[in-house]
Number of protein chains: 2
Amino acid sequence: MSGDRVSGACGECLARTWLIARLAGSIEIARHQRRRLREILALSNEKLIAGLAGVRASQICDELERLDVDDLREATDRAGLEAVCRHDAAYPARLSDLVDAPAALFVAGGVERLVAMAGGDLEDGPRAVAVVGTRRASPDGLEVATSLGRGLAAAGVTVVSGMALGVDSAAHAGAVVTSGRTIAVLAGGADVPYPRTKARLYERIAEHGCVVGELPPGFVAMRWCFPARNRIIAALAHMTVVVEAARRSGSLITAEIAADLGRDVGAIPGPVTAWRSAGTNALVRDGATLIRHASDALDLAVGIDSREPALPHLPVRLRDLLGEVADGRDTLAALTRSPRDVHPTLAALTELELLGHLRRAAGGRYVVVPP
Amino acid sequence: MSGDRVSGACGECLARTWLIARLAGSIEIARHQRRRLREILALSNEKLIAGLAGVRASQICDELERLDVDDLREATDRAGLEAVCRHDAAYPARLSDLVDAPAALFVAGGVERLVAMAGGDLEDGPRAVAVVGTRRASPDGLEVATSLGRGLAAAGVTVVSGMALGVDSAAHAGAVVTSGRTIAVLAGGADVPYPRTKARLYERIAEHGCVVGELPPGFVAMRWCFPARNRIIAALAHMTVVVEAARRSGSLITAEIAADLGRDVGAIPGPVTAWRSAGTNALVRDGATLIRHASDALDLAVGIDSREPALPHLPVRLRDLLGEVADGRDTLAALTRSPRDVHPTLAALTELELLGHLRRAAGGRYVVVPP
């Protein structure tokens, strides 16, 4: 069953994945019934089917019996994904702390890279911090999330998030620009860039980091998949840091799961008058660690010395670049103090592009996107 | 020595006060030598004098010997102040937790009121919370400070602060409007409104609460008096809440002294990108309680149920009043939903006046002060 490949997903786990996707429309949870969702996802295949009404159950049983897992493997290949299941040595052991651990993960960017970035258990495996928060982040929140992503990745820590608009994407963007150590956990298939507007970020993450999902290739996320996805984010990371969050926010689910798993929880404080800080300030009041910048997270949760991360200080302020149109290395060098500064400037341009402030046009030129 | 009056200051303590004022010019501390100041203030009269150079010491000894304490008592009367010393039953026992407790306090508003608002020890005496912060507060910070002052005072808690520009005055103003339960601790004489621009607030505090100082009437504060004053603020209160503070801020001294005394310390969080929050966020990271509003402070530090404080919700938004010119109760009633709402509206107008947004003109009319 466990297979002798370095990575792979066994037939049982692929069938499980198929079953969850097949039942997707039946899985319904009210906002206050998050616990119920986790109970559902922890059920065995038999119990999942037993929960359905008679005729439907026997139909799904038949389909499951006739299922050709090689078809699923081929579909995975065709989608450019790799798969790894919980019976495989490459499956991140840290996910097994979840009672409802995903049976399999589909990975864009490769299982090998997933292992290098978040494989093994927490004690011995690579260090990871989840950075999550509201989709409707403030400019301040976006800046803090990007800077956290940058600082953590620069220190060799993997940045885990959900690629959602706002805080999540900003954190990934910061990491992609720096070292690429980042994992995006999608609620749907790992081959389906979601949200669509982050397709370019998706490509960059798949190129330098990983995009993972527990549902089969092509699966379009339904509402329940988002809170379910959050448990994977929490379980992959040593610590979950919430950047901005309203009182009732998906990222607080992630923080709660992290706490339940005994992982560290951190939160960026904010004005007591802002709705975006209501969730994070409440977390700190309830015992989460107050985080101000990457060093704070490195310091306390990941056990890395709090000296400034290795990333060189950007020689030009990102915003100052917005007025310029750069069309090559020479122009960039002229914009900066010395040729040595070109690399961070390119990084800054890429960051601005990922954040949607710049768009790359023909001839390698950049065009400023109006806010 | 202790006297048989309900309140009063004995000759020894008045002489002590005179001596400190006499030596004021000799007391010099560098910013990093705050501990040294506290050691100086804990010295006996003899040791204080012994610390001076020979000729000057004998001159001051002579003056001290010839000192007529009745002159000091008369000066106190003339300034409209009352005095209480540490040998008096009315002296707030909670101040005795300080190794360098002030020998005497001069009080505008009356010693009886001081006793009612912060007399006795912490366990049995009236509850008090210090609200302090930067002079250069943000509009948000001012709003939070005012609202804290209002919420605490409405719940019967005394609001202690230093009447400085910014956070301090805003906290006093909130308390004055509500129930008047507030104590301003001045660095100079309690009869010298400082800063001058807060003279109107001074009057209101002296009318409904207390203004106190450890230095004799007429004394103009020198630089060292401000950190010294902070120890009195911290010692009078069950908890010190810092609203906004830079990394190196006088209000952090107050918080530190409060912590040293074993009192609770709270802080209002703020954006990690704002200098005004650097001090408060650091406090929370170091273990201070995160405070969002008065209920949080009442809840944790003062042991009062966190249900909303008794103050009725203001029926009109303060800012909405700024466009109006009210000239009497009838007009006010027309502005609000019902005659029952007149009182909070008057309170709101007074608050706006204390905050400097309105000025009272002839005929009881209000004039809007341009920002």
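User: How many bridges join E1(B) to strand E2 (residues 104-108) of chain B, and do these strands run parallel or antiparallel?

Analyst: Please bear in mind that this is a predicted model. Two strands are read as a pair if at least two bridges are found between them. Here E1(B) and E2(B) are joined by four bridges and run antiparallel. Within this pair, Phe106(B) in E2(B) is the bridge partner of Ala83(B).

User: In what order do the strands of the chain B sheet stand?

Analyst: In chain B, nine strands form an open sheet with mixed pairing, in the order E1-E2-E6-E5-E4-E3-E7-E8-E9. Strand E1 (82-85) and strand E9 (289-290) of chain B each have a single partner strand, so one side of each lacks a neighbour in the sheet.

User: Which strand order does chain A have?

Analyst: Chain A has an open sheet of nine strands, with mixed pairing and the order E1-E2-E6-E5-E4-E3-E7-E8-E9. Its edge strands are E1 (82-85) and E9 (289-290) of chain A, each of which pairs on one side only.

User: Are the residues on the two faces of E7(A) buried or exposed?

Analyst: A residue is called buried when its relative accessible area is under 20%. In strand E7 (residues 239-242) of chain A, Met239(A) and Val241(A) on one side and Thr240(A) and Val242(A) on the other are all buried, and both faces are covered. Helix H11 (residues 250-260) of chain A lies across E3, E7 and E8 of chain A, at about 155° to E7(A).

User: What is found on the faces of strand E5 (residues 182-185) of chain B?

Analyst: Both faces of E5(B) are covered, with Thr182(B) and Ala184(B) buried on one side and Ile183(B) and Val185(B) buried on the other. Strand E4 (residues 158-161) of chain B pairs with E5(B) in the parallel sense over three bridges, and Val160(B) stands opposite Ile183(B).

User: At what angle do the axes of H8(B) and H9(B) cross?

Analyst: Helix H8 (residues 167-178) and helix H9 (residues 199-208) of chain B have axes that come within 10 Å and cross at roughly 45°. The two helices are therefore oblique to each other, and their crossing is left-handed. Ser169(B), His172(B), Ala173(B) and Val176(B) of H8(B) make the contact with Leu201(B), Arg204(B) and Ile205(B) of H9(B). By class, four of these residues are nonpolar, two polar and one charged.

User: Which residues of H1(A) meet H5(A), and at what angle do these helices pack?

Analyst: Helix H1 (residues 11-23) and helix H5 (residues 69-78) of chain A pack at about 80°, with axes 9 Å apart. H1(A) and H5(A) are therefore roughly perpendicular to each other. From H1(A), Gly11(A), Leu14(A), Ala15(A) and Trp18(A) meet Val69(A), Leu72(A) and Arg73(A) in H5(A). This contact has five nonpolar, one polar and one charged residues.

Key. Residues are numbered from 1 along each chain as its sequence is written. Chains are lettered from A and ligands numbered from 1 in the order in which they are written. This is a predicted model: local features need pLDDT of at least 70, side-chain atom pairs count only at pLDDT 80 or more; totals for chains, interfaces and linings use all residues. Side-chain values use heavy atoms; hydrogens and water are left out. Axes are lines fitted to C-alpha atoms, for helices over the stretch in contact, and angles run from 0 to 180 degrees between N-to-C directions. Angles under 35 degrees count as roughly parallel, over 145 as roughly antiparallel, 65 to 115 as roughly perpendicular and the rest as oblique. A crossing is left-handed if the near helix is turned anticlockwise from the far one by less than a right angle, and right-handed if clockwise. Contact means heavy atoms within 4.5 Å. Ala, Val, Leu, Ile, Met, Phe, Trp, Tyr, Cys and Pro count as nonpolar, Asp, Glu, Lys and Arg as charged, and the others, Gly among them, as polar. Buried means under 20% relative accessible area, exposed over 50%, partly exposed in between (1.4 Å probe, protein chains only).
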